[in-house]
Every structure is written in C-alpha cells, then in structure tokens.
Amino acid sequence: MAIDHAGRAVLAQELKAKETAAGLILRHATRSRAAAIQAAGIRCREMGTEGPGKSAVNDWVVKGAPATDFRQLWAYVAVLDQWAHERAAHSSARTVGAVRADRAHWKQLWENARRQSNGVQPASADEPDLFRLGRPTAGFDPVKELEVHPAIDTPGRPSDPLPTYVPRSHDAELKKVATSAEQASQMVILVADSSAGKSRAWWEALQHLPTGWHVWRPADRTELLAALDSGPSIARTVLWLNETQRFLDKTREGERTAASLTSLLLSPERGPVLIAGTLWRKNLSDLAPRTDDPSARSPVTALLNAAHIVRIPESFDTQDLEALRPLARRDSRLAEAMEHGATRITQYLAGARELLARYEQAPPEARALLDAAADARRLGHVPALTQTFLRHAAAAYLDPDDWAVQTSQWRSMWFEQALQYTSQPCRGVPGPLAPQAPPVGAPDEVPAPLLLADYVLLHTIRSRQLTFPPEGFWDAAACRIEDNPSLRTMAFAADERLRFGIADRLATALAAAGDPTVLAELADLRDGEQGSLMHSLASAAGHGPSLSALTWECLDKDDWKGAAAFARQALTAGSDDGMTRLVHAHFDRGKRKVAVALAREAARAGHGGPLSTVAESHMMAGLAKKALRLALEAAAAGNTHALEWQITRLIYAGEFVAAESLAREAAIAGDAHPLASIASHYLEAEQWAKAEALAHEVAATGHGDALSHLAAEYAKAQEWAKAELLARQAADAGSGLGMQWLADIRGEEGDWETVESWAHQAAAAGAEYALNQLVRRLLEAGELDTAERLAPIASPHELPPPLSAVALARWNANERERAMELAREAAAAGEGLALAEIAMLQWEAGEPATALALGREAAAAGEGLALAEIAMLQWEAGKLDCSEELAREAAGAGNALALAEIARRQLEAGHIDAAERVSLLAINAGGITAMEFIEDQEAYMDAFSISMGHGLDAQGRRICAGGDTTDPNSPLHTVDLPAS
C-alpha cells in the first residue's frame with residue numbers, strides 16, 4: 001500500500017535509516033526487529049505505558065503510521081539509537097544514521113505524521129505558538145486562575161483584590177530565576193506554610209519572564225502527564241505546579257510524574273522550561289526525607305532534592321517592616337495588617353485570624369463539617385472534597401443526644417445550615433470551607449466540591465494530630481470517595497495507626513474501583529488466611545504481584561498446573577515473580593527443559609527475569625556454556641543479572657578480555673554497570689590507561705560515575721590538572737561526584753577558594769550534598785563566616801541542616817546573639833533543629849523557662865525534639881501531668897516518641913489503664929518512628945498485642961479473633977469479630 005502523506009513518508013524513511021544504522025538482522029537473537037521491540041517494551045514499562053507490538057512497529061516502518069503513544073515510538077528509536085552508536089563505536093567507518101537521536105526532532109516527525117493522518121497540515125516554522133501549552137502572563141487572573149490568595153476587605157481599599165506587593169529578600173532570587181529562564185530548564189520550589197505569600201511571590205516573579213514565554217497550569221496530574229508524554233510543545237513554558245504535593249506523592253502515579261518531570265529537565269532539546277512549585281514545610285519533609293542512603297530515595301525524593309529550594313520566611317523581619325511602612329500609607333489593607341498582624345503580615349492579609357475565629361466559634365453542625373473535612377485532608381484526601389462524602393462523614397461527628405432533641409426540620413437541613421456558615425466569606429476572603437468554582441461548562445446540578453482553607457488545615461493538623469476519626473467517617477470514605485489517590489493515602493494512614501480492618505476495607509473499595517495495588521501491599525503485611533484472601537481479591541482485579549503470590553501458594557501445595565496458570569496471568573499483568581519462582585522450582589526438581597521453555601516464553605512476553613534465573617541455575621549446576629547462552633538471551637530481553645554474574649566470575653578469574661566482551665553485551669542491553677565495574681578493577685590494578693578508556697566508554701552511555709572515581713584517584717596522587725579534567729568530563733556525563741570528591745580531598749589542604757569553586761560545579765552537576773560537605777569542613781576548620789555564607793544555598797535535606805549546624809557552631813563559639821538569629825532564621829525556613837538543640841543547652845544551663853519557650857518555637861517550626869526531651873525530664877522529676885502535656889505538644893509537632901516512652905514507663909509501673917490511654921495517643925499520632933519504638937518493647941507487646949491480629953477499631957478498641965476480653969472501659973478493650 002502506498003504512503004499518501006508526506007509527513008508519514010518522512011517518518012517511515014527516518015525509521016528505516018535508524019534500523020539500518022542499528023544493523024538489524026532478520027531472526028537474530030539479539031539484533032532483530034523483534035529484539036528491538038522487546039527492549040523498547042522494557043523502556044515503555046519504565047515510563048508507565050505498554051510496549052509497542054510487532055504489527056504496530058511494522059506499520060510505522062512500512063506505512064509511516066504514527067504510534068498512538070509517542071513514548072512507544074521514542075522507546076523504539078532510543079533502542080535503535082543505542083545499537084547504532086555501539087555499532088559505530090566498534091567500526092572504523094562512520095555509520096550513516098549513528099548520530100544521536102534528537103527527541104524533539106522525532107516528536108515533530110510523529111506530530112506531523114499524526115496530524116496528516118487526520119488531514120491536518122504540519123506546523124510551519126513561522127507558527128511558533130501552534131500547539132503550545134498555556135498563554136502569556138498578561139492574560140491571567142492570578143486569583144481566579146492561579147490560586148493566589150486574595151486579601152481581606154477594608155473600607156476604602158483599592159479595587160485590586162491583591163494588596164500592594166512588598167518586595168522581600170527572596171524576591172530578588174526569584175527575579176533572577178525568571179530573567180535567566182532562557183539559560184536552562186530548572187525546577188524551583190517555594191517552601192513555607194500556609195498564607196506565607198508563596199503563590200503571590202511566584203506571580204510577581206513571572207512578570208520578569210523573557211518575551212514569548214507562556215504560563216500553563218495543569219488541572220491535575222493526569223493532564224500534566226498527558227502533556228509531558230505526548231502533548232504539544234512545552235519549550236519556553238512555566239509549569240505552574242502550585243501545591244506541588246497534588247502532582248508528586250508516594251503513589252505510583254506520583255513517582256511516574258516525578259520521572260517524567262526529571263526526564264523533561266534532563267532533555268535540553270525540549271526546553272527551556274521553568275517548573276514553578278510550592279510546598280508546605282511538612283509536605284517537603286514527607287516527600288523528600290533527609291537520608292544519606294541513595295537507595296531509599298524515590299523518584300519524587302530525587303527530583304525534589306535536585307530542585308532549587310527557596311524558603312520563604314513566615315514572618316516579616318525588621319527590614320521587611322520598614323519597606324512595608326510607606327506602602328501602607330497608600331493601601332488600607334497593608335495599614336491594618338501592620339497595626340494588628342505583628343510580623344505575620346501575609347497571614348493577616350489572607351484572613352488567617354478571621355478563618356480561625358470562624359472555625360473555633362462554629363456551631364456544632366458546622367464544627368462537625370469542618371472537623372470531618374480537616375480529618376480527610378490531614379489523612380491524605382486531595383483538596384477537593386465532595387459534598388456527598390462530607391454530608392455522610394460529618395454526620396458521625398454530631399452529638400447523638402443533641403441530634404435527638406432537634407426538630408425534624410433542623411435534622412433535614414443541618415448540612416445546608418452548616419455549609420452556609422462555613423462558606424460565608426470572611427471579609428472578602430473565602431470562608432473556612434467553601435465551594436470550589438466549577439469548571440467552565442460544568443452542569444449546575446452537580447454540587448461543587450468544597451475546599452478547606454489552607455490556614456484552617458494547618459491549624460487542625462496540629463490540633464487534631466492525636467484524634468482518630470469516628471467509624472462513620474470511614475464508612476463514608478469507603479462508600480463515597482471516588483478519588484483513588486485519596487483512598488490510597490487514607491488507607492495507609494489508617495494502617496499506620498493500627499486500624500487494619502479500616503485500611504483493608506478502603507483497599508477493597510479501591511480494588512473494586514480498578515486499583516488493587518493497595519490491597520496487595522497490605523496483604524503482604526497480613527498473616528495466614530487473611531493475607532491469602534486479600535491477594536486473591538487483588539489478583540481478581542488483575543494485580544500482577546498478587547497473581548505471582550498465588551503462584552507461590554500453588555507451588556507450596558504441589559499444584560503445578562495451577563502455578564503455571566497464575567504465573568502466565570501474572571506475566572500478562574506485568575509481574576514475572578511468579579514465573580521466576582516456577583522456573584526455579586522446575587529446575588530444582590530436574591525438569592530443566594520445562595524450566596528453559598517457560599523462561600523463554602516469559603522472555604517473548606518482554607520479561608527477562610526468569611531467563612536470568614534459569615541461567616544462574618545452570619551455572620550453579622556446572623553447565624557453563626548453556627548458562628552463558630541463556631544469560632545472553634536474558635540480556636536481549638532486558639535483564640542482565642545473569643550476565644553480570646558471568647562477568648563478575650570472569651573478573652575474579654582475571655579473564656578481563658572475556659569480561660569486557662560480555663560487559664559490552666550488557667551495555668547494549670542498557671546496563672553499563674558491568675563496564676564500570678571492570679574499569680574499577682583496572683583502577684585497583686593501577687592499569688590507568690585501560691581504566692580511563694573504559695570509563696569514557698561508560699560515560700558515552702550517560703553514566704559518569706566511573707570517570708568520577710578515576711578523577712578521585714588522580715586527585716589522591718596530587719595530579720590535579722588531570723583530576724579536574726576527568727571530573728569535568730564526568731559532570732558532562734551527569735555525575736558530579738568527581739568534583740565533590742576533588743573538593744573534599746582539596747579541603748584537607750585548606751585551599752577554600754578552589755574547594756568552593758569545585759563544590760559549586762559538583763552541585764550543578766547533580767552532587768546535591770557537595771556544598772553540605774563543604775559547610776561541614778568549613779565548620780571543622782573554624783571558618784564560620786564562609787560556612788554561614790554557603791549554608792543557605794546548601795541542600796536542606798541532610799542532617800544536620802546546614803543553617804542549623806552553623807547556628808550551633810556560633811553558639812558553641814559563644815556568639816550567642818548571632819546563633820539565636822541564625823537559629824530563628826533556620827526555623828522560619830523550616831529547620832527547627834538548632835532551636836531545639838539550644839533549648840536543651842539552656843535547660844542544662846539551669847534556664848528551664850527559656851528552654852521551654854525555645855522548645856515551643858522549634859515545635860512551631862515542625863521540630864518536636866526539645867519538647868519530647870523536656871517531657872521526659874519532667875517525668876523523671878515526678879511532674880507527670882506536665883510531662884504528658886508536653887509530650888502531647890511534641891506529638892502535635894510530629895514527634896510522638898515521648899508519648900510512647902511514657903506509655904512504656906506506665907506499663908513498667910503497673911499502671912495498665914494509663915499505659916493504654918497514652919499508647920493510643922501515640923498510635924493516633926501516626927508516624928512510623930513511634931510505632932517502631934512501641935513494637936521494640938517486648939513487654940509492651942506481650943501485654944497489649946496491639947500490632948498483631950486485626951488491630952484496633954476506630955475508637956481504639958482491640959479487635960481479636962478469639963473470645964478474650966479486656967476491661968470494657970479501657971480504650972483498648974477487645975471487640976469480638978463476627979463469625980465468618
């Protein structure tokens with residue numbers, strides 16, 4: 001069939017050229033079109049989509065038919081590109097088509113072919129805005145479209161809903177970000193709690209964007225992913241991700257979004273772009289926890305760690321207040337905020353005082369509605385709350401006695417009355433719980449979702465931290481929440497608080513809605529029949545890992561037919577664990593041919609894991625040649641584990657030539673680590689030339705760590721020029737570790753100017769902790785001024801936080817006034833550790849009042865350590881009531897360890913009732929740390945068995961399968977399960 005569209009013809013021609021350059025050979029094990037399709041399928045699964053089929057690829061190449069999903073085409077082109085490059089590297093002649101593929105170029109080819117297939121002419125060079133996202137800033141209403149907070153009303157205020165802007169220290173940094181947006185793609189996150197001025201600061205900064213830039217605010221994560229994966233041009237666009245946690249979270253969708261954003265930032269041909277985000281301090285610490293273990297970092301954590309974090313102070317400092325004074329004469333809202341808001345100017349302007357008053361003074365039905373909304377939000381629900389859910393959830397918060405004495409008319413209208421109260425504006429600012437503006441074109445009969453005011457949410461996160469919602473709330477959640485990510489997060493929140501039955505119920509609702517992942521993850525935590533039943537439910541919903549788990553159960557029962565059926569279903573659902581286990585079992589019982597046949601069946605479906613397993617089994621059985629052949633087949637299917645094992649064996653046998661040959665096969669399959677490992681062995685053997693040649697070969701695949709290691713060795717040998725050259729080459733390949741190690745080694749000599757230059761280069765190349773390491777060295781060397789200058793731009797995710805470390809160093813140097821200034825500056829930026837440490841030093845110095853005040857300051861910044869420690873000191877002093885009160889405050893700031901410790905001590909003293917009551921508070925606070933502490937106490941576990949069996953009900957009563965009971969008046973008394 002002839003190609004009748006020019007765009008499709010060009011796509012077909014270029015694909016054929018790529019295949020020729022890659023050296024595809026018909027029916028070759030590792031170099032056929034089928035092998036390329038398998039390798040592309042692996043890449044696609046990493047991007048969260050299905051791989052291309054053979055017929056689809058044939059249509060691309062023969063007919064120029066555009067792929068339905070650009071990611072499939074790009075994955076196939078990337079495989080061909082890698083093979084072509086490898087082929088060119090081993091050929092003396094230049095291979096036509098071996099030039100690195102340009103993603104933007106292939107995206108344009110795909111778009112042209114797709115538009116022509118639909119009868120649309122391709123975009124021309126003189127139509128740059130065609131198919132672009134967003135629009136220029138001049139067309140936006142920042143309040144209605146970008147969620148910038150309006151200000152309170154005052155008599156005689158200007159007509160603009162936004163008050164006159166007061167530039168502060170962070171604005172100069174943001175202006176620089178905007179004016180330099182053309183230079184490179186970047187992600188910048190403004191961090192502060194509610195109503196601190198984050199979105200307004202971004203809006204003001206974007207007025208300084210270069211001409212021609214657009215701003216685009218995706219409605220949700222689905223729309224963002226669609227644009228990132230296969231949408232219109234995104235270059236020279238600001239991605240407005242206000243409340244970034246709505247797009248990036250701990251779900252698979254959140255991690256996929258993070259991976260897509262990372263890919264965008266690392267693809268210069270798609271940019272430049274500016275990702276403008278905002279986060280509360282708690283959101284940042286939850287999504288990007290401080291850890292030195294790279295393996296513990298998810299794609300979300302890695303993306304946020306690499307982002308440029310700008311911390312916005314919660315309060316106006318003296319300089320800010322002076323800048324405010326003349327502006328207040330022209331804007332009555334600023335004047336009122338200056339008179340009554342103390343230093344919390346932005347919060348006052350956003351109506352924080354009025355919102356909290358409305359919450360605290362709410363009548364019972366309105367308070368029930370607000371508390372239900374607050375509990376849903378703090379336990380993980382997305383901002384938009386449906387009225388259907390809240391109507392049923394809030395009913396559980398009403399007092400039954402009060403309900404009984406109300407009139408039938410009141411009972412029929414209570415929700416409407418409550419909503420009327422909560423949605424009433426507070427001096428022009430939306431009420432504490434108000435309807436969201438409906439989307440354009442939405443039917444009027446659909447009740448608008450409700451939005452809880454951020455400041456009310458922040459207040460209730462602290463005030464309701466130790467409260468668990470009532471049973472009726474969870475009934476409403478299971479039956480009325482249709483947002484799967486919300487249900488997922490809330491299920492894990494319930495599980496973390498030992499409400500296993502509630503968590504399982506939400507997970508079951510999720511599975512019924514098409515998402516069985518939570519049910520499967522919780523099944524792994526349940527014992528015996530309960531876990532098996534949950535895996536069965538998850539597998540019925542098509543969950544691959546659960547189908548694999550059922551494979552294992554069949555094998556335990558010697559049900560080989562059933563195991564094979566489940567293993568094949570699991571493969572179809574994307575999990576090869578069951579087939580891997582089945583292959584292993586067949587091999588162990590002597591059915592080697594069956595094992596190999598099943599493994600090859602899995603490889604044809606795009607799963608190389610079972611082949612790797614059977615290859616390793618052959619190697620252990622002494623069948624080396626067969627093992628090698630199977631390992632190569634597995635690598636062609638995208639799994640290089642067995643090949644790496646072969647390579648390691650050859651390395652330790654000193655057979656480096658053979659090892660290199662296999663390592664290149666692994667690199668062709670997308671795994672450059674074996675080549676890097678061989679380079680390291682050459683380095684250890686001081687064969688520097690060979691090590692460098694291999695390191696450069698690895699760097700050509702985009703992995704620069706081998707060059708970084710080489711640079712460090714040259715630095716140790718004092719060959720600085722060579723070391724710096726290699727470190728720069730490593731940075732170009734994406735590894736900043738070389739520069740970081742050079743800086744660290746040079747720091748031993750005290751050459752701080754050179755060290756600082758290298759540390760900055762290392763950080764720019766992705767070594768996020770290079771500046772932190774420099775700050776530590778400077779503090780050790782007593783260079784406090786330089787350390788203080790660098791601390792604000794070092795990564796805030798490492799312990800101890802750099803600014804806090806400098807504050808404590810100043811304190812220890814008897815520079816107490818400057819230490820307190822820095823500690824409070826760190827606390828305003830979300831780092832309360834320095835204040836907490838200084839609080840404890842003050843306690844030790846005999847200043848308990850000062851210590852307590854500083855501890856509460858630290859807690860307000862999210863650091864409850866000092867209050868927790870003071871609580872235990874008060875316990876030891878015999879002030880038990882004071883101790884528990886402080887422990888509650890610490891838990892409200894996220895540290896429930898003191899409550900857990902008090903429960904343990906009450907138990908040791910034989911005060912069972914008190915121990916149960918306090919332990920329930922620690923459990924309700926959530927937080928894995930406190931629960932791990934409780935579970936470590938063997939006596940505690942023996943007494944309560946609180947993390948065994950079926951956990952607790954909503955009221956905190958222990959649910960048991962047997963007939964044992966405890967005191968019915970105890971908060972942890974037993975509830976018998978109904979007969980199954």
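Start this tour of a predicted model by selecting R236, which counts as partly exposed at 26% relative accessibility. R236 and E182 form a salt bridge, and their closest N and O atoms are 2.6 Å apart. The two partners sit in distant parts of the chain, 54 residues apart: R236 is in the loop between α9 (221-230) and β3, and E182 is in the loop between α7 and β1 (186-191).

Next, select E147 and R246. Their side chains meet in a salt bridge with an N to O distance of 2.9 Å. E147 belongs to the loop between α6 (142-146) and α7 (169-179), while R246 belongs to the loop between β3 (237-241) and α10 (252-265), so this pair ties together parts that are 99 residues apart in sequence. The relative accessibility of E147 is 26%, which counts as partly exposed. R246 is partly exposed too, with a relative accessible area of 27%.

For a pair within one helix, go to α13 (residues 318-328) and select E322 and R325. They are 3 residues apart in this helix, so about one helical turn separates them. Their side chains meet in a salt bridge at 3.5 Å, N to O. E322 has a relative accessible area of 46% and is partly exposed; R325, at 38%, counts as partly exposed as well.

Then select E360, R367, D371, D375, R378 and R464 together. Salt bridges with shared partners join these residues into one network. In the whole count there are 45 salt bridges.

Now turn to the sheet. Select its strands and follow the order β2-β3-β4-β1-β5: this is an open sheet of 5 strands with parallel pairing. At the edges are β2 (214-216) and β5 (308-311), each of which pairs on one side only. From one strand to the next, the twist averages 20°.

Inside the sheet, keep β1 and β4 (residues 273-279) on screen. These two strands run parallel and are joined by 6 bridges. To find one place where they face each other, select V188, which stands opposite A276 in β4.

Move on to helix α30, residues 592-604. Its 13 residues reach 18 Å from the first C-alpha to the last, close to the 18 Å expected at 1.5 Å a residue. Which residues of α30 are buried? Select A595, V596, L598, A599, A602 and A603 to see them. These residues cover an arc of only 165° around the axis, which puts them on the same side of α30. Colour K593 and R604 separately: they are exposed, on the other side of the helix.

Finish with the cysteines. How many disulfides does a search of the whole structure find? The search finds 0. Two cysteines to select are C426 and C554. C426 is buried, with a relative accessible area of 3%. C554 also counts as buried, at 10% relative accessibility.

How values were computed: Residues numbered from 1 in each chain as written. Predicted model: local features only at pLDDT ≥ 70, side-chain atom pairs only at ≥ 80, totals over all residues. Heavy atoms only, no water. Salt bridge = Lys/Arg side-chain N within 4 Å of Asp/Glu carboxyl O. Helix = DSSP H or I, 4+ residues; strand = E, 2+ residues; numbered from the N terminus. Buried < 20%, exposed > 50% of the residue type's maximum accessible area, 1.4 Å probe, protein only. Disulfide = S-S within 2.5 Å. Expected span 1.5 Å × (residues − 1). Arc of directions from axis to C-beta. Pairing = 2+ DSSP bridges. Axes fitted to C-alpha atoms, helices over the stretch in contact; angles between N-to-C directions.
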